Amino acid sequence: MTKTAAIIGGGVIGGGWAARFLLNGWNVRVFDPDPEAERKIGEVMANARAALPMLYDVALPDEGALTFHGSIAEAVEGAEWVQESVSERLDLKHKVMAEIQGASTAPIGSSTSGFKPSELQQGAPDPSRIMVAHPFNPVYLLPLIEIVPSPETDEAAIAAAEEILTSVGLYPLRVRKEIDAHIADRFLEAVWREALWLVKDGVATTEEIDNAIRFGFGIRWAQMGLFETYRVAGGEAGMRHFMAQFGPALKWPWTKLMDVPEFTPELVDMIADQSDAQSGHLSIRELEKKRDKNLIAMMRALRQQGNASGRLINTHQRTIRHLPKAANPLVTQDRVVPVDWTDLNGHMNEGRYGQLFSDAAEEVIAYVSADEAAPLAGTSEDYAARGFNYFTVETTTKYLAETQAGERIVVHTRITEGRGKKLRCFHEMKRASDGEVMATCDQLMLHVSLETRRTCEPSDEVLAKVEALAALHAKEN
Ligand SMILES: NC(=O)C1=CN([C@@H]2O[C@H](COP(=O)(O)OP(=O)(O)OC[C@H]3O[C@@H](n4cnc5c(N)ncnc54)[C@H](O)[C@@H]3O)[C@@H](O)[C@H]2O)C=CC1
Ligand SMILES: C[N+](C)(C)CC(=O)CC(=O)[O-]
């Protein structure tokens with residue numbers, strides 16, 4: 001049965017939450033008194049629909065239903081999860097929590113950037129169901145959610161939150177003790193404070209500060225964070241040496257510590273003018289699109305390495321992927337062309353067709369070798385772990401129409417020869433929207449032992465599945 005989330009407050013963050021749940025197959029019920037809320041969420045949804053599917057190599061679940069409601073009580077009806085994302089005012093959050101709990105017993109996550117859960121729980125009918133679930137913008141792409149319970153939050157509610165958020169591809173990080181601004185915003189604020197001083201003191205422009213981040217430590221942080229990065233920087237002696245060498249510098253006046261530059265009109269003008277000079281030629285929507293494409297390309301690179309956010313996406317993908325069903329043809333790919341697959345001609349590069357048809361062949365191998373008892377049942381990875389695979393020895397690809405990033409494509413595969421060690425497939429890549437055939441690939445594979453690295457006969461079970469599929473595909477459609 002389709003699950004339901006209620007989103008209370010549909011601004012920048014509530015819109016992102018709505019998109020994350022909807023694109024993962026949940027129904028979403030929204031309440032926001034702003035008459036513009038529906039339009040704003042529509043714009044976030046458009047960005048999310050263009051972006052999130054590109055992170056995966058399989059189709060996301062069918063989108064849930066998005067509905068708007070006239071009151072909090074109506075919006076939370078039937079919801080398994082309530083996400084509060086109203087403006088950052090404690091009195092408003094208290095009022096909203098009371099209204100939610102007047103109509104629902106579901107666990108509630110608050111998007112608050114700074115308030116502690118015990119502050120949110122003050123005066124609430126049932127504090128045990130309230131916790132902070134702090135996301136990062138854009139919520140539909142960035143996986144981190146800081147889960148901050150107070151001692152009054154019920155363990156079962158926290159466990160439910162962790163399960164729900166993981167199921168939609170998020171990374172719930174439980175914060176051990178409540179503290180103002182949780183973990184990440186404390187860093188962000190410290191960095192921002194320093195940056196304001198550097199601009200005010202004329203040391204750097206907004207663009208130079210951004211360059212100092214994006215050409216250097218910003219890239220490092222995305223894959224190893226802070227401590228692992230510094231451990232490596234300590235050389236062979238690791239963290240102890242790093243601390244001995246750079247620890248004393250913490251006491252030198254490298255930073256302005258807690259001093260905050262006053263937001264005088266001059267400072268605000270200086271920063272806003274520099275920011276306009278840096279990025280004013282692009283609208284916010286254009287900047288969002290640029291940001292989303294860069295994030296997708298970076299996270300897909302981390303997927304290839306199986307690290308950090310990339311590892312999370314790989315794990316999540318396993319939960320939404322399905323083994324192809326016996327059919328003529330077999331549907332071996334259903335996905336959206338990601339931004340990093342295009343080239344300077346602005347279309348999908350020919351090398352990526354090889355990747356796509358290779359992925360389609362992996363699905364055929366997964367189908368014929370599926371062993372329900374095996375740990376990775378239903379993936380070709382599992383067959384390789386059992387010491388066998390098929391190697392490609394010949395392909396002929398025809399490129400029939402241009403393919404753009406963001407297009408949903410399907411691959412239909414037929415087994416044209418399935419005898420002994422031989423497995424020959426004919427793949428047709430089609431545009432999902434109109435069924436136009438955009439490329440074809442004739443691929444011959446041979447069954448191989450990964451131990452001897454030589455061809456060998458498949459087992460009787462695998463061969464029987466290959467032959468049955470070949471017989472099915474020999475029939476006219
Ligand atoms: N903008 C950001 O970068 C991030 C914000 N947050 C947190 O998310 C929350 C929301 O922030 P934003 O989305 O940025 O603000 P926003 O101003 O874009 O959206 C707030 C929304 O709440 C709605 N609202 C006001 N009163 C309401 C009520 N009684 N019931 C339902 N909706 C109501 C407003 O109409 C507005 O659409 C805040 O707690 C903020 O700290 C968390 C992470 C990042
Ligand atoms: C600026 N902010 C404190 C609202 C930022 C966040 O809370 C998280 C983010 O997305 O950077």
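Trainee: Between which two strands is the loop that holds P138?
Mentor: In this predicted model, local features need pLDDT of at least 70, side-chain atom pairs count only at pLDDT 80 or more, totals for chains, interfaces and linings use all residues, and side-chain values use heavy atoms, with hydrogens and water left out. Residues are numbered from 1 along each chain as its sequence is written, while chains are lettered from A and ligands numbered from 1 in the order in which they are written. Strands (E, at least two residues) and helices (H or I, at least four residues) are DSSP runs, numbered from the N terminus. The loop that holds P138 lies between β6 (130-134) and β7 (144-148).

Trainee: What is omega for the peptide bond that joins N137 and P138?
Mentor: Most peptide bonds are trans. The bond that joins N137 and P138 is cis. Its omega is about 0°.

Trainee: What is phi of A181?
Mentor: A181 belongs to the loop between β8 and α7 (184-200). Most residues other than glycine have a negative phi. A181 is not glycine and has a positive phi, near 70°.

Trainee: What is the mean pLDDT of the protein?
Mentor: pLDDT is the predictor's confidence in each residue, from 0 to 100. In this protein, 97% of the residues reach 70 or more, and the mean is 95.

Trainee: Which strands stand at the edges of the open sheet of 8 strands?
Mentor: Strands pair if DSSP finds at least two bridges between them. Here the order is β3-β2-β1-β4-β5-β6-β7-β8, with mixed pairing. Each edge strand has a single partner, so one of its sides is left without a neighbour in the sheet. The edge strands are β3 (66-68) and β8 (171-174).

Trainee: Which residue of β4 stands opposite A5?
Mentor: Strands β1 (residues 4-8) and β4 (residues 81-84) run parallel and are joined by 4 bridges. Opposite A5 stands W81.

Trainee: In the open sheet of 5 strands, which strands stand at the edges?
Mentor: The pairing is antiparallel, in the order β9-β11-β12-β13-β10. A strand with a single partner is left without a neighbour on one side, and so it is with β9 (330-336) and β10 (388-399).

Trainee: What is the bridge partner of D334 in β11?
Mentor: β9 and β11 (residues 408-419) run antiparallel, with 6 bridges between them. The partner of D334 is V410.

Trainee: Are helices α12 and α13 roughly parallel or roughly perpendicular?
Mentor: Axes are lines fitted to C-alpha atoms, for helices over the stretch in contact (heavy atoms within 4.5 Å), and angles between N-to-C directions run from 0 to 180 degrees. Angles under 35 degrees count as roughly parallel, over 145 as roughly antiparallel, 65 to 115 as roughly perpendicular and the rest as oblique. Helices α12 (residues 284-305) and α13 (residues 308-320) pack at about 75°, with axes 7 Å apart. Therefore α12 and α13 are roughly perpendicular.
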